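Let's take a quick tour of two chains, one stop at a time. Have a look at the structure first, then read on.

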Amino acid sequence: MSWLSDGAVQRLRRAAEAPDLSGTRYRLLERLGRGGMGVVFLADDLTLDRRVALKVLDLPDDSGELSARLLREAHILARLEHPGIVPIHDAGTLADGRVFYAMKYVEGNRLEAHAAALASLPDRLRVFQKICDAVAFAHSRGVLHRDLKPDNIMVGHFGEVLVLDWGVAKILRDRSPESGSVIGTPFAPAENAPITAHGTVLGTPGYMSPEQARGDSAHIDQRSDVYAMGALLRLLLTSRSPEVVASDGTGTPPALSAVCFKAMAPEPAGRYASVVEMAADVTRFLQGVALVAYPDNLFRKAGRFLDRHKTAVLLVLAYLVTRVLLIILARR
Amino acid sequence: MDDTQIGGTSGKFPVTRWSVILAVRSQDSAERARALDLLVAGYWKPVYKYIRLRWGKSGEDAKDLTQEFFTRLIEKKILESYDPARARLRTYLRTCVDGLVMNQDRAEHRLKRGGDAPHHSLDFAAADGELTRLEPAAPAEMDQFFEKEWARSVFSVAVEKLRAECAARGKSTHFRIFELYDLLDTLADGPDRRPSYEDLARQFGIAVTDVTNFLAYARREFRRITLDFLRQITGSEEEFRREAQALLGAARE
């Protein structure tokens with residue numbers, strides 16, 4: 001038996017993992033990473049002369065269960081046509097029997113790396129609102145993501161924000177309210193897969209709602225995604241490079257901390273009822289009006305009034321001080 | 001018989017996909033023997049090298065302990081107490097090796113065993129040769145060492161099986177191209193000097209597209225054989241999937 005060097009073992013690992021693209025329109029370029037039950041590769045689409053990302057099932061699947069789940073993910077992506085959700089181009093089975101789908105190759109940074117370099121709070125909140133838009137759209141189509149986390153958010157070089165990896169998404173209902181199209185029906189047996197399957201914990205610690213962590217799948221609804229959105233907002237507010245902190249110098253506004261707390265309430269009933277409601281509170285913050293999560297009192301009203309009318313207030317104060325000084329001088 | 005005959009070219013892979021855990025508990029002695037063959041094929045080199053390095057045993061002692069370990073696996077029904085839910089088979093076996101070495105009085109053991117105990121025909125000289133090529137592992141890194149050697153062993157078995165299958169199907173050129181492209185420095189034992197597809201096409205007098213197709217075939221079969229073998233030497237479907245991800249995905253994780 002030949003001796004296999006460390007280099008040969010590494011090449012064999014790659015050879016065994018790499019998809020067999022013979023007979024397809026794709027040429028393998030490199031491995032990009034792992035996502036859920038699949039490995040993602042960069043490939044050339046030789047027909048359209050563009051780069052695509054191929055997600056390929058990474059394990060043999062005698063029962064067909066994993067293949068059904070990957071195809072179901074492809075099907076969900078196909079139905080969720082939105083600027084904030086990565087578009088799918090193709091799906092099928094490779095010569096080695098593995099199921100795959102091809103999607104847009106997004107060049108950019110994962111959320112955490114992108115957030116670290118963003119200086120202004122409004123910029124961070126705008127990124128967050130784009131994530132809200134995509135997730136709210138999916139909810140409107142009856143789809144829960146269930147694994148929202150920084151690794152699954154990509155920010156492109158032109159500021160586009162894309163939510164990735166819908167591999168453990170849950171379908172709440174079969175029909176889109178607007179289009180009437182059927183979602184997921186061809187893969188119905190795998191639709192609402194158990195909370196754990198083949199060692200894949202559904203969700204990520206730190207971003208996973210308590211009901212998900214308990215495996216209480218019966219009580220998972222869009223408020224479970226709201227919980228993860230609260231964790232993402234917290235990350236956007238706190239994940240700043242030392243240079244940004246030094247130039248900014250401000251901490252997290254209490255109103256936004258309150259939004260995070262409300263979104264991440266232990267019980268779903270304590271959270272925002274929807275991502276739309278949460279996004280509305282963030283918009284209120286940007287507009288300088290009262291938030292649902294941070295109700296007004298006299299001091300906050302006065303504080304917000306001062307914030308909004310700083311110049312006018314300073315002018316009035318300067319006028320009053322001048323008048324007082326003039327009165328005092330006149331009396332002497 | 002050299003080590004290439006163990007499980008690899010012997011064609012003794014069970015046609016069913018029973019794991020060894022089920023097979024060693026079988027009432028059928030032939031089934032149990034085939035299960036042991038699989039275990040020996042996948043694990044004997046990692047076990048031998050581990051005993052040499054982790055326990056600092058001489059070659060002779062390590063050979064005795066390795067033989068003893070695989071004999072005990074069946075005779076002492078060690079695998080009957082294995083629970084796939086609690087540990088990977090690989091981890092369990094390594095723990096058993098530790099227990100064997102710690103408890104063994106070698107001199108007494110050699111006297112006791114006598115000439116009746118079954119001996120596995122293992123190419124210890126080849127294993128010793130491999131040991132000299134390996135980077136020394138620190139005591140704290142023995143877990144990783146065992147895992148790395150286990151991966152090397154699984155791939156070695158799969159490569160030999162692929163070689164035999166390609167020869168049987170009249171596809172020796174497929175294997176040769178795979179060997180030259182993916183295993184080259186196993187032959188040259190030096191820096192990566194893999195030939196290009198064009199080089200291979202010229203060497204074999206075929207088109208470059210044929211090289212691509214031959215290589216794709218060999219890699220596809222290599223993957224299939226590796227996973228088939230892995231399925232048989234793991235304790236459960238769950239463990240198989242975890243081990244497959246670890247084995248194949250570790251290239252760049």
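How many bridges join S6(A) to strand S8 of chain A, and do they run parallel or antiparallel? Three bridges link S6(A) to S8 (residues 153-156), and the two strands run antiparallel. Keep in mind that this is a predicted model.

**The sheet in chain A**

S6 and S8 belong to an open sheet of three strands, ordered S6-S8-S9 in chain A, with antiparallel pairing. Strands S6 (108-110) and S9 (161-163) of chain A each have a single partner strand, so they sit at the edges with one side lacking a neighbour in the sheet. From one strand to the next, the twist averages 25°. Helix H4 (residues 121-140) of chain A packs on this sheet: it touches S8 and S9 of chain A, and its direction makes about 40° with that of S9(A). As for pairing at the residue level, Arg110(A) has Met154(A) in S8(A) as its bridge partner.

**Two helices in chain B**

Over in chain B, the axes of H7 (residues 142-168) and H8 (residues 172-182) come within 7 Å and cross at roughly 150°. That makes H7(B) roughly antiparallel to H8(B). The residues making the contact are these:

| Helix | Contact residues |
|---|---|
| H7(B) | Val159(B), Leu162(B), Arg163(B), Cys166(B), Ala167(B) |
| H8(B) | Ser172(B), Phe175(B), Phe178(B), Glu179(B) |

By class, that contact has six nonpolar, one polar and two charged residues.

**Tyr43(B)**

Tyr43(B) lies in helix H2 (residues 29-54) of chain B, and is buried, with a relative accessible area of 1%. Its contacts include Phe70(B), Leu93(B) and Ile233(B). The side chain of Tyr43(B) also makes a polar contact with that of Trp150(B) (3.4 Å).

Definitions and conventions
Residues are numbered from 1 along each chain as its sequence is written. Chains are lettered from A and ligands numbered from 1 in the order in which they are written. This is a predicted model: local features need pLDDT of at least 70, side-chain atom pairs count only at pLDDT 80 or more; totals for chains, interfaces and linings use all residues. Side-chain values use heavy atoms; hydrogens and water are left out. Helices (H or I, at least four residues) and strands (E, at least two) are DSSP runs, numbered from the N terminus. Buried means under 20% relative accessible area, exposed over 50%, partly exposed in between (1.4 Å probe, protein chains only). Contact means heavy atoms within 4.5 Å. A polar contact is a pair of N or O atoms within 3.5 Å; within protein, one must be able to donate a hydrogen and the other to accept it, and residues adjacent in sequence count only if both atoms are side-chain atoms. Axes are lines fitted to C-alpha atoms, for helices over the stretch in contact, and angles run from 0 to 180 degrees between N-to-C directions. Angles under 35 degrees count as roughly parallel, over 145 as roughly antiparallel, 65 to 115 as roughly perpendicular and the rest as oblique. Ala, Val, Leu, Ile, Met, Phe, Trp, Tyr, Cys and Pro count as nonpolar, Asp, Glu, Lys and Arg as charged, and the others, Gly among them, as polar. Two strands pair if DSSP finds at least two bridges between them. Lists of a residue's contacts leave out its neighbours within four places in sequence.
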